[in-house]
Each structure stands twice: as C-alpha cells, then as structure tokens.
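Below is a brief report on one predicted model. It takes up a helix pair, a sheet and a pocket in turn.

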Amino acid sequence: MKFYMIVENEKNISLQQKVKQLSKALMTAGFVANPLMMMNFKIWGEIYKRFLPSYITFSETTKYTNATGADWSMGVLYAEHPRRNKELISLKEYKEFVLREMISDIANYIMDHISVSKMVIGTVSSLKIGANAKSSKQYDAEATIDCKLNSEYTFTCEGTEPSGKQYEYIWIDRFPDVKAAVEHKSNKLEIIKSTDLEGDLGVNLTDLFKANVLGGKKVKFYIKIKIVGVKHPRLLYGG
C-alpha cells in the first residue's frame, strides 16, 4: 500500500523535517508510540521506512480523489485505497471508512440480488458461541450466536426486493459465505466472519507501536439474513 503527504515543496524539506512531519502525522492519526521508541533512531528509521510517503503538492492532488470527500490537508498522512487506484483515505479515518464501505458492499450485494425479510450486518464488540458452533472462525445458521454489535458499525433493514442492477462490489470476495447464500437463495444465514484490516495497510504495526487507528488486526463481522420480503429502497452505508 502506498502512503502520501501533501507539502508545499518537497525540495525545501530536509530528512529531519520529513521524519518530524511523519511522526506528528502518525500521532494525529491515532498511533501511540512508546516514548522509548521515539528516542531510538533505528526504530524510528524502521517506522519511517514502512510508512515512507510520496510527497505531493496541492496542485498534484487533482490526480487523486479524497475518498471521504473532505478537503486536502497538509501534514496529514493518506493511505491509498486498498481496492481503488488514485483514491486516498486519511489514515485517521481509514478504519471507519473501510468498515462502513465493507458493510455497504455486503448489504447492497444482498439487496441487489434477492428478496430479504430482515437483514442485520455489523461488527462484533463481544461474542458468545453455542456448543453447536462448528469452529472458532465460522458459524452457520444452526449455531447459537449471542453477540453484541458496535452501534456505529451496524446496518439493519426489513423488506427488500432485488433491484436487478449490477454494481461494483469491491469487498464481497472477502465474504464467500454470503455470495453462496445469495446464489443458492438460502432461506437464512447467520454467520460471523473475520477479516484483516491491518493486512490492507501492508505493514506490521504491533511489533513497533500501539495502533489505536486499527483497534486490532482482526475485525469480526456478524451477518444475518432471512429471505423473502417486500419492496424497500436501496440503502447505502458508506464512509
């Protein structure tokens, strides 16, 4: 994954200034470094190497799209969208944006293809699994799932009819169980799937410093759908 930072003129910035700007941008984005690491030039050199940004000017931002629709800002570290070229996301907003985009992708894929009486999609904050669950990573509709969802990352709707339209579903390949349930028009599906957000950034964060921006490597998605329903407008839940 590529990282970018906006500057007035890269030629006027020394290496020391670049390191200082990067460390400040990482702190602003929610990365909390161990104070001892900040005194270790070798470790900060490794951090800089892993997050080494390409420097662009404001005039060059016309070549890119700000994924959140916000204005461009100097001194902010941007990460390239993991699935879209030339689309940048502020590292501080990366987790929220990608999670909401994933939820939108799942919901729209389901609603565009099948009739649903009820659908709940969200990220899991706490989880209990019944004895009939098949494994620690995957559960089918017969398993007893008792979990709490993060309210800020939860989508619920009732009564939808398929639109018949085809859209670009850039994340649905992460959820093959959903695709299979839709393709086979299963009566119901209740499942929890884990996905790795940190891997999309292309860096191993935990061996260097605490990363609040990601909140852990794995994110668990809870997906529950029941087939057959009535017409309901297409809904988006994106960043």
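## Helix pair α4 and α5

Helices α4 and α5 are roughly parallel to each other, because their axes cross at roughly 10° and angles under 35 degrees count as roughly parallel. The α4 helix spans residues 94-113, and α5 spans residues 176-183. Their axes come within 10 Å.

Which residues of α4 meet α5? On the α4 side they are Ile106, Tyr109, Ile110 and His113. Their counterparts in α5 are Val178, Lys179, Val182 and Glu183. By class, this contact has five nonpolar residues, one polar residue and two charged residues.

## The sheet

Five strands make up an open sheet. Their order is β3-β1-β5-β6-β4, with mixed pairing. In general, strands of a sheet pair through backbone hydrogen bonds, either parallel or antiparallel.

The edges are held by β3 (53-56) and β4 (65-66). Each has a single partner strand, so one side of each is left without a neighbour in the sheet. For β3, that partner is β1 (residues 3-6). The two strands run parallel and are joined by four bridges. Within this pair, tyrosine 4 stands opposite serine 54 in β3.

## Helix over sheet

Besides meeting α5, helix α4 lies across two strands, β5 and β6. Strand β6 covers residues 87-90. The helix runs at about 125° to β6.

## The largest pocket

How many residues line the largest pocket? The lining has 17 residues. Those nearest the pocket centre are Val76, Tyr78, Ser90, Lys92 and Glu93. Two elements give two or more residues to the lining: α1 (15-28) and β5 (77-80).

By class, the lining has eight nonpolar, six polar and three charged residues. The pocket volume is about 190 Å³.

Technical notes:
Residues numbered from 1 in each chain as written. Predicted model: local features only at pLDDT ≥ 70, side-chain atom pairs only at ≥ 80, totals over all residues. Heavy atoms only, no water. 1 Å grid on protein atoms, 1.4 Å probe; cavity = no way out; pocket = protein on both sides within 12 Å on 5 of 7 lines; lining within 4 Å. Points joined across faces, edges and corners; volume = space filled by probe spheres on them. Nonpolar A, V, L, I, M, F, W, Y, C, P; charged D, E, K, R; others polar. Axes fitted to C-alpha atoms, helices over the stretch in contact; angles between N-to-C directions. Parallel < 35°, antiparallel > 145°, perpendicular 65-115°, else oblique. Contact = heavy atoms within 4.5 Å. Pairing = 2+ DSSP bridges.
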